[in-house]
Amino acid sequence: MKPFCFADGQIIPTESATIHPMDLGLIRGYGIFDFFRTVNYKALFLDHYLDRFIASAKKTYLSLDYSRDELKGIIQELIDKNDLKEGGIRMVLSGGMSENHFSPGKGKLYIFAESLIFPSQQKYEQGVKLLSLEYVRPIAEIKTTNYALAVWHSAQWKQQGAEDVIYHLNGYISESSRSNFFIVKDGVISTPDRHILMGITRKHILELAENVEVRPITMQEALAADEAFITSTTKVLLPVTQIDDLKIGNGKTGPVSLDLLERFKKMEKELCG
Ligand code: PDD
């Protein structure tokens, strides 16, 4: 079945959606987005994602012409029309057309329905490797569409057998390219508190975990941790067993990470059936 999206104020076949080549999204890389999952035809944590999307639009000075309830209505229509039992919804607000080709314009809203593939079972069982990269995402708390560095750097990941990167600057870790980072040491679960996107998965993992600390975390600490993992909408919780050439803990997936993943899945089932 060919997918349908929302563009130019209506639901149309996704292949018919267009954008002007001079949109700031293209010529300056200026725009915002959000991405959430449907589970059993229900949008998981929808209000949290809408909160973040609406906040991102405000912080980037891009006007959103639809109310929260209107957005919910469109999303439901897309889920139905695409028969999206388990999948992803991507909301994009482009920077729009700008008279001087620089100042934020009138953004164009798109909502896409997508199929979604989780990482392989082997990755959840064995953990993944991250490559360290000195960087911090600009305006990290806003979910901008600017992933240029990560897209460019990703050529290295394949070469070096890595799943993704871990950003660090001045010794402190922030996040991975599309996920948040956690460590476990002596039963305490810690995650960075700043220069990150406030992930919706991170938020729920923090609520599910008992012994948590939200604070700056150094690379040294991460390398000396018992366990580490990343969280995101598209991965939920993926164990990290190596950074560059160094193993974390015993180099194997740890019990705290796997227990949290199970708890998350249980919560998901309770919410969406
Ligand atoms: N990425 N940090 C960054 C930079 C992200 O882009 C994301 C999400 C996260 C995790 O946030 P959440 O748990 O709300 O998905 C953290 C999405 C999934 C992506 O770009 O595909």
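A residue counts as buried when its relative accessible area is under 20%. Keep that cut-off in mind as we walk through this structure, which is a predicted model.

Let's start with strand β5, residues 87-94. Seven of its eight residues are buried, so by that cut-off the strand is mostly covered. What does β5 pair with? On one side there's strand β3 (residues 31-39), joined to β5 by eight bridges, and the two run antiparallel. If you want a spot to look at, find Phe 36, which stands opposite Ile 89 in β5. Strand β6 (residues 109-114) is also joined to β5, this time by six bridges, and again the strands run antiparallel. Here you can look for Val 92, whose bridge partner in β6 is Tyr 110.

As for what holds strands together in general, they pair through backbone hydrogen bonds, either parallel or antiparallel. Phe 6 stands opposite Ile 11 in β2.

Stay with Phe 6 for a moment, as its ring takes us to another topic. A search of the whole structure finds seven aromatic pairs. One of them is formed by Phe 6 and Tyr 66, in an edge-to-face arrangement with 5.5 Å from centre to centre and 85 degrees between the planes. This pair links distant parts of the chain: Phe 6 sits in strand β1, Tyr 66 sits in the loop between α2 and α3 (68-81), and 60 residues separate them. Are the two partners buried or exposed? Phe 6 is buried, with a relative accessible area of 4%, whereas Tyr 66 counts as partly exposed at 27% relative accessibility.

A second pair brings together Phe 45 and Phe 264. Their ring centres are 6.0 Å apart and their planes are at 80 degrees, so this pair is edge-to-face. Phe 45 lies in the loop between β4 and α2, while Phe 264 belongs to helix α8 (residues 255-272), so the pair ties together parts that are 219 residues apart in sequence. Phe 45 counts as buried at 10% relative accessibility, and Phe 264 counts as buried too, at 2%.

That second pair leads us to the empty spaces. Rolling a probe the size of a water molecule over the atoms shows where empty space is left. Three cavities of 30 Å³ or more turn up here. The largest holds about 50 Å³ of space, and its lining includes both Phe 45 and Phe 264, along with Arg 37, Thr 201 and Ser 232 among others. By class, that lining has five nonpolar, three polar and one charged residues. At least three of its residues come from each of domain 1 (4-114) and domain 2 (121-272). The second largest cavity has a volume of about 40 Å³, and helix α5 (residues 148-159) gives the most to its lining, with three residues.

Of its 32 lining residues, the closest to the centre are Arg 178, Ser 179, Ser 232, Thr 234 and Lys 235. Where does this pocket lie? Both domain 1 and domain 2 give residues to its lining, so it lies between them. The lining has 11 nonpolar, 10 polar and 11 charged residues, and β3, α2 (46-59), α6 and β14 (227-232) each supply at least two residues.

Helix α6 (residues 200-208) deserves a stop of its own. Seven of its nine residues are buried, so the helix is largely enclosed by the rest of the structure. Among the buried ones are Thr 201, His 204 and Leu 208.

Methods: Residues are numbered from 1 along each chain as its sequence is written. This is a predicted model: local features need pLDDT of at least 70, side-chain atom pairs count only at pLDDT 80 or more; totals for chains, interfaces and linings use all residues. Side-chain values use heavy atoms; hydrogens and water are left out. On a 1 Å grid over the protein atoms alone, a cavity is a set of points where a 1.4 Å probe fits but cannot get out, and a pocket is an open set with protein on both sides within 12 Å along at least five of seven lines; lining residues have an atom within 4 Å of a point. Grid points are joined across faces, edges and corners, and a volume is the space filled by probe spheres set on the points. Ala, Val, Leu, Ile, Met, Phe, Trp, Tyr, Cys and Pro count as nonpolar, Asp, Glu, Lys and Arg as charged, and the others, Gly among them, as polar. Domain bounds come from an automatic or database domain assignment. Helices (H or I, at least four residues) and strands (E, at least two) are DSSP runs, numbered from the N terminus. Buried means under 20% relative accessible area, exposed over 50%, partly exposed in between (1.4 Å probe, protein chains only). Two strands pair if DSSP finds at least two bridges between them. Rings of Phe, Tyr and Trp (its six-membered ring) pair if their centres lie within 6.5 Å; planes under 30 degrees apart count as stacked, over 60 as edge-to-face and the rest as tilted.
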